[in-house]
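Student: I would like to go through the labels used for this protein one by one. Please set each value against its cut-off.

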Amino acid sequence: MRRSTSLYWVSRLLAVAAMVAFTASPAPAQDGQADALANRMIEAAGGMAAWDRMQDVSFKLTVIPHNPQGEPAAAAVSVYWLKRPYRGRMETLDENGHLVLGFDGEKAWGMRNGKPVTDATTLKRAQFLPLNWWYWLGIPFKLKDPGVVLAHKGTATLQGRQVERLEATFRPGTGATSSDRYLYYVNPQTARVELVEFWLQEGVWPGAGGARHGFWSDYQKVGDITTHTRRVAYGDRERRVKASVLLFSAFKVNQGIPDSMVKAPESSRPSPGSAY
């Protein structure tokens, strides 16, 4: 079975290994400075209480892949439903029809044109999707999760401007990929992330692993928090050739997504709440 177009290009985005060239000023890790920057980021995004109030969210994800020359190809559209703590559902239409993937907190499942998906890699991806998108939606709030180690890494010149750099690593045993590392480039005026470089542990989640980077922009208010709605990855160090663009839209927050949306449907009937 061929992979979903949307999932394929999300995996390609996760596989971008280009590193960003920057001019950085050396600075030792300073936990107090790191905590202060993280607190500023959280307040600028709406405050921790606003994040805690978000119990569910749905959104549309449009992925626009680009060819090696940086020219856009046909977009792939998916719809996501996420429920606390790490449950979710994704639906998309591709060349093989209607694909639904979900994770109910214990069991990963999938349906392709009304029939159960049995491919182990696809089911592993179904489990990964809500973890992945809850994490990214939760930045900067998740910088204060237990096990996160923050370090201020000085300043850097990004697109001609000075930004601050905040590193997030994890204590051993924190989650399934505690060797992951993230470096956030933060606008000192807005306290918003403009670029993130990250290094992910190989071999744990399908399509995730290695080094990559992405530019974040078009910040909007989503419920009581503020988050980016555009992400751009480049395929070269000089950032001349786009690899892909991700656009987030149609957010709905705390709509009371029922448990049936994230549970595997009975194969004898259509999946509930289809977006198509």
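The dialogue below takes up aromatic pairs, cores, a hairpin, a glycine and salt bridges.

Tutor: This is a predicted model, in which local features need pLDDT of at least 70 and side-chain atom pairs count only at pLDDT 80 or more, while totals for chains, interfaces and linings use all residues. Residues are numbered from 1 along each chain as its sequence is written, and side-chain values use heavy atoms, with hydrogens and water left out.

Student: Why is the pair of phenylalanine 59 and phenylalanine 251 called tilted?

Tutor: Rings of Phe, Tyr and Trp (its six-membered ring) pair if their centres lie within 6.5 Å; planes under 30 degrees apart count as stacked, over 60 as edge-to-face and the rest as tilted. By this rule there are 16 aromatic pairs. For phenylalanine 59 and phenylalanine 251 the centres are 5.6 Å apart and the planes are at 35°, so the pair is tilted.

Student: What makes this pair a tie between parts apart in sequence?

Tutor: Helices (H or I, at least four residues) and strands (E, at least two) are DSSP runs, numbered from the N terminus. Phenylalanine 59 is in strand 2 (residues 56–65) and phenylalanine 251 in strand 14 (residues 242–253), so the pair joins parts 192 residues apart in sequence.

Student: Why does phenylalanine 59 count as buried, and how does phenylalanine 251 count?

Tutor: Buried means under 20% relative accessible area, exposed over 50%, partly exposed in between (1.4 Å probe, protein chains only). Phenylalanine 59 has 4% relative accessibility, so it is buried. Phenylalanine 251, at 22%, is therefore partly exposed.

Student: What makes a set of residues a nonpolar core?

Tutor: The set consists of buried Ala, Val, Leu, Ile, Met, Phe, Trp, Tyr and Cys residues joined through side-chain atoms within 4.5 Å. The largest such core has 50 residues, and Trp133, Trp136, Leu143, Tyr182 and Tyr184 have the most contacts inside it. Helix 4 (residues 120–137) supplies the largest share of this core, eight residues. A second, separate core of 11 residues includes Ile64, Val163, Tyr185 and Leu195.

Student: How do you know that strand 8 and strand 9 pair?

Tutor: Two strands pair if DSSP finds at least two bridges between them. Nine bridges join strand 8 (residues 148–158) to strand 9 (residues 161–170), and the strands run antiparallel. Valine 149, for instance, has threonine 169 in strand 9 as its bridge partner. Two residues lie between the strands of this hairpin, where glutamine 159 takes a positive phi near 50°.

Student: Why is glycine 102 called buried?

Tutor: Its relative accessibility is 0%, so glycine 102 falls in the buried class. This glycine is found in strand 5 (residues 97–103).

Student: Which residue forms another salt bridge with aspartate 259?

Tutor: Arginine 87 does, with the closest N and O atoms 3.2 Å apart. Arginine 87 lies in strand 4 (residues 87–94) and aspartate 259 in the segment after strand 14, so this pair ties together parts 172 residues apart in sequence. Lys83, Arg87 and Asp259 are linked in a network of salt bridges.

Key: A salt bridge is a side-chain nitrogen of Lys or Arg within 4 Å of a carboxyl oxygen of Asp or Glu.
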